[in-house]
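Let me put the structure up, and then I'll talk through a few spots in it.

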Amino acid sequence: MTNSGHDDMIHDAVLDYYGRKLATCSSDRTIKIFEVEGETQRLLETLKGHEGAVWCVAWAHPKYGNILASAGYDGKVFIWKEQGAQNNQWQRIYDFPLHKASVNIVAWSPHEAGCLLACASSDGNVSVLEFKDNAVDHTTFPAHGLGVNSVSWAPATSAGSIVSSNPGPGSVGNRRFVTGGSDNVLKIWAYDAASQSYKQEPEPLTGHADWVRDVSWSPTVLQKSYIASASQDKTVRIWTSDAASNGQWDCKVLNFEAAMWRVSWSLSGNVLAISGADNKVTLWKETLRGEWECFKTIEE
């Protein structure tokens with residue numbers, strides 16, 4: 001995008017569910033909403049309110065309306081909503097100011113699990129906001145003492161389980177997510193209905209020798225669950241677990257020449273995109289033997 005309209009570095013750019021709107025955010029403290037058609041884009045709105053760099057924007061599922069979450073260096077999470085489809089007026093409908101340091105990323109849960117937003121902060125805490133019936137509940141808990149860099153939700157149905165697509169009323173999809181921290185580990189959290197809180201699954205995933213910059217839980221619900229993690233230690237780890245492994249995760253290590261920053265699964269869940277400080281994006285697939293191979297490299 002050549003003319004972004006931002007006065008400083010862009011940190012995130014995300015298309016909505018239908019690929020018609022693009023939200024971007026920047027160190028210039030603003031968020032911009034564009035309408036995208038073919039090769040052209042038209043600026044619809046500039047959202048202001050953050051008092052520092054805006055690191056991350058995330059669209060909610062359209063069943064909840066045109067809703068965007070943003071997070072920034074000022075420790076705040078804002079929820080924005082488009083008022084009326086025709087006039088492109090956006091309004092800030094909710095502020096979450098309780099983090100004591102930068103909020104590095106926000107992620108919406110799969111819509112089957114409800115309208116939930118996980119927020120990861122440098123203050124070491126994770127917050128989960130739940131939007132329902134015009135009310136917002138939130139829970140905040142310590143996750144990684146040195147700071148939380150990333151969070152990613154599990155699919156709403158467990159891997160390997162064939163669940164009816166129309167569960168009964170009141171049932172809630174799987175509420176689980178993984179976090180990555182500056183303490184070099186990954187932790188998995190699951191919602192415990194009895195205590196109405198998120199409980200850490202017993203074993204953290206260890207092995208990285210430096211900050212975990214990014215984590216991504218594959219959306220696939222095949223026989224196995226897959227989590228990818230990118231680290232400052234110049235590796236990406238791919239963690240797998242299946243119903244038979246009893247909560248244990250196996251790990252494959254991919255080695256690189258530079259610190260790794262981002263991991264992202266395709267929507268089908270079987271292609272992994274990896275990017276890092278070397279300005280390359282590589283695409284990886286699992287072979288039938290269970291090894292991971294790079295089948296494409298995209299250089300800047």
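Over residues 89-154 the chain is 0% helix and 64% strand, with the end C-alpha atoms 33 Å apart. Helices here are DSSP runs of H or I of at least four residues, and strands are runs of E of at least two, numbered from the N terminus. Why pick that stretch? UniProt, in an unreviewed entry, lists residues 89-154 as "domain: Anaphase-promoting complex subunit 4-like WD40". UniProt positions are in the numbering used here, feature names are shortened, and annotations may be inferred rather than shown by experiment.

Quick housekeeping. This is a predicted model, where local features need pLDDT of at least 70 and side-chain atom pairs count only at pLDDT 80 or more, while totals for chains, interfaces and linings use all residues. Residues are numbered from 1 along each chain as its sequence is written, and side-chain values use heavy atoms, with hydrogens and water left out.

Let's start with Ser-127, in strand S11, residues 125-132. Buried or exposed? Ser-127 is at 0% relative accessibility, so it counts as buried; the cut-offs are under 20% relative accessible area for buried, over 50% for exposed, and partly exposed in between, with a 1.4 Å probe and protein chains only. Its side chain makes a 2.8 Å polar contact with that of Thr-140. By polar contact I mean a pair of N or O atoms within 3.5 Å; within protein, one must be able to donate a hydrogen and the other to accept it, and residues adjacent in sequence count only if both atoms are side-chain atoms. Leaving out residues up to four places away in sequence, Ser-127 also touches Phe-96, His-99 and Leu-117, among others; contact means heavy atoms within 4.5 Å.

Leu-117 brings us to the largest nonpolar core, which has 33 residues. A core is a set of buried Ala, Val, Leu, Ile, Met, Phe, Trp, Tyr and Cys residues joined through side-chain atoms within 4.5 Å. The members touching the most other members are Val-106, Trp-108, Leu-117 and Phe-177. Strands supplying at least two residues each include S9 (103-108), S10 (116-121), S11 and S13 (148-153). Phe-177 is in contact with, among others, Val-126, Val-128, Trp-153 and Trp-217. Apart from that core lies another, of 15 residues, Tyr-226 and Ile-274 among them.

Now, charges. Side chains of opposite charge can pair when their charged atoms come close. How many salt bridges does the structure hold? Ten, counting a side-chain nitrogen of Lys or Arg within 4 Å of a carboxyl oxygen of Asp or Glu. Glu-82 and Lys-21 make one of them, at 3.7 Å, N to O. That pair links distant parts of the chain, with Glu-82 in S7 (77-83) and Lys-21 in S2 (21-26), 61 residues apart. Both Glu-82 and Lys-21 are buried. Asp-95 and Arg-92 pair at 2.7 Å; Asp-95 is partly exposed at 34% relative accessibility, and Arg-92 is partly exposed with 34% as well.

Arg-175 sits in the loop between S13 and strand S14 (176-181), and it counts as buried because its relative accessibility is 10%. Its side chain reaches that of Glu-130 in a 3.1 Å polar contact. Beyond its sequence neighbours within four places, Arg-175 is in contact with residues including Trp-153, Trp-189 and Tyr-198.
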